[in-house]
Structures are given as structure tokens and as C-alpha cells.
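Please walk me through this fold. I would like the sheet, the helix packing and the ligand shell.

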Amino acid sequence: MSTFALPVQTWQSDVNARYAGSLDEQEQTILTRDGVQLVCRLMTPDDAPLLVDLFRRMSPETRRRRFHYPIDIVEEDRLLEDARRLANVDNRTHGGAVVALERAADGEHIVGVARLMRPAKQPKAPEVEAAITVRDDYHGRGLGTELLRRMVLLAKRMHAKTIVAEIEADNYAAIRLFRELNLTTVSTTSHGETTMRMEVPA
Ligand SMILES: CC(C)(COP(=O)(O)OP(=O)(O)OC[C@H]1O[C@@H](n2cnc3c(N)ncnc32)[C@H](O)[C@@H]1OP(=O)(O)O)[C@@H](O)C(=O)NCCC(=O)NCCS
């Protein structure tokens, strides 16, 4: 046996153990690092208004990092239309998402979303494209880490083989977050964009 073989096998079994199990329909609880309790569940098409609320509360920097171009002024009709499109997921074929919700006195608010999308005409494509957003006031509290771990389980539920993330090359927080998933990853950078292709564990 080569000296390299054992660590690789050990690492692979650690990864398989970390992503064992599945993501079911039931709500779960997420605790932020500072002890705030959030609800986590799969997205449904009814979440469109909550996505509008999230968008309104995102800083210009977070919007730009998420959508890769500055979006500051958006007409109300357009906002709801886009939110309906983004909420149109079935968590099996063309798209899925995991959301984290805060239950406040004034109602529910989505504070984080990890999303996986396939091209509309390829509902069984082996690749899914990932995107993640955490509302600014929750940054650095461990929510992104929790959502991405569940996003890997969502990828398994969607029978995806590869998760592809396109991230601005200087978005170190996001690149580090995806690296910490510890999946077998090939990264390339071109024209200011880093593409990470990650193998979904069996
Ligand atoms: C990237 C993003 C999702 C991280 O979410 P988060 O909830 O803050 O992440 P976590 O709290 O789990 O932090 C994970 C790591 O990210 C890094 N990080 C998070 N926030 C950071 C900040 N404000 N500054 C520097 N590093 C930060 C840290 O390295 C942290 O590592 P640690 O676990 O050792 O502390 C969030 O910053 C975000 O929504 N950004 C805008 C959208 C975006 O960039 N999406 C990616 C492209 S689709």
C-alpha cells in the first residue's frame, strides 16, 4: 500500500459519514453560533413573498456577490416575478433549495437560502448549479456552513453527481465556505470568476 492510500480512504469515509442520511420534508432547527434558534426546511413555491422580503433586506454588496452584478433599484412587479421564478422548485428535478427562517414578532423572515438549479430542459442533468445567500445581519454566525451542509444532502435527494458553484474570485468568504464542505473539488479561475466543481458523495 502506498503511504498516500490510507489518508485518502480515511478522508473519503469521513466525507461519506458527514453526508450520510437524507433531507426529508420535515422542519429542522438550526442554532447559530451565538445561540439563535432558526427553522430550516425545503423551499416551497409559497415562499416567493419571503424571498422578496429577503432581497429587500440584503445589502448592495451581498446582492452583488449573489447575482454577480449590482442590483439596487428593482420595480415591485419585477421583484415578485423574479421571486416566483426562484421559488418555483420541487426539490427533485429542475431545482431545489433549503431555507433558514427566523420567526419574529412581525412574522417569518427567510434569513438564508442555499439553492441548486438545473437547466429547465434538463431535469435529470448530472450537474446542478449552487448559490447561497445569508442575510447580512446573520453573516459570520455559522448559518452559511449549516445551509451548505444541507445543500449537499439536497444534491443527493436530486440525484446530482456534481455541484458547480460560480463565485467571484475575490469572494473569499464564499470560496472558503464551499472548500470547508471537504468534497472532492476541481477549481478553476478565469476572468475574475472561480468555478468550483464538487463531487456529490454517494
Ligand atoms: C458567503 C456567505 C454565504 C457566508 O455565510 P455565513 O453565514 O457568513 O458563513 P459562516 O458564518 O458559516 O462562516 C463560514 C466561514 O466564512 C468566512 N466568513 C463568513 N463571514 C465572513 C466575513 N464577514 N468576513 C470574512 N470571512 C467571513 C469565515 O471564514 C467563516 O469561517 P469560520 O467558520 O472559521 O468562522 C455570506 O457571506 C453571503 O451571503 N455572502 C453574499 C452572497 C454570496 O457571496 N454568495 C456566494 C456566491 S453564490
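The questions and answers below take up the sheet, then the helices, then the ligand.

Q: What kind of model is this?
A: Residues are numbered from 1 along each chain as its sequence is written. Local features need pLDDT of at least 70, side-chain atom pairs count only at pLDDT 80 or more, totals for chains, interfaces and linings use all residues, and the model is predicted.

Q: In what order do the strands of the open sheet lie?
A: Helices (H or I, at least four residues) and strands (E, at least two) are DSSP runs, numbered from the N terminus. Two strands pair if DSSP finds at least two bridges between them. The pairing in this open sheet is mixed, and its 8 strands follow the order 1-2-3-4-5-6-8-7.

Q: Which strands are the edge strands?
A: An edge strand pairs on one side only. That holds for strand 1 (28-31) and strand 7 (185-190).

Q: Which residue stands opposite M117 in strand 5?
A: Strand 4 (residues 107-117) and strand 5 (residues 127-134) run antiparallel, joined by 6 bridges. Opposite M117 stands E129.

Q: What is the hand of the β-α-β crossover from strand 5 to strand 6?
A: Strand 5 and strand 6 (residues 162-168) run parallel, with 4 bridges between them. E127 has T162 as its bridge partner. The chain crosses from strand 5 through helix 5 (residues 143-157) to strand 6. With the strands pointing away from the viewer, a path from the first strand over the helix to the second that runs clockwise counts as right-handed, and this crossover is right-handed.

Q: Which residue in strand 8 is the bridge partner of V164?
A: Strand 6 and strand 8 (residues 193-199) run antiparallel and share 7 bridges. The partner of V164 is R197.

Q: Why are helix 2 and helix 4 oblique to each other?
A: Axes are lines fitted to C-alpha atoms, for helices over the stretch in contact, and angles run from 0 to 180 degrees between N-to-C directions. Under 35 degrees is roughly parallel, over 145 roughly antiparallel, 65 to 115 roughly perpendicular, and the rest oblique. Helix 2 (residues 48-57) and helix 4 (residues 76-87) have axes 8 Å apart, at an angle of about 120 degrees. The two helices are therefore oblique.

Q: Which residues are closest to the ligand?
A: A residue counts as near if its C-beta atom, placed from the backbone, lies within 6 Å. The ligand is surrounded by 21 residues. Helix 3 (60-67), strand 5, helix 5 and helix 6 (172-179) each give two or more residues to this shell. The closest are R65, G144, T145, A173 and A174.
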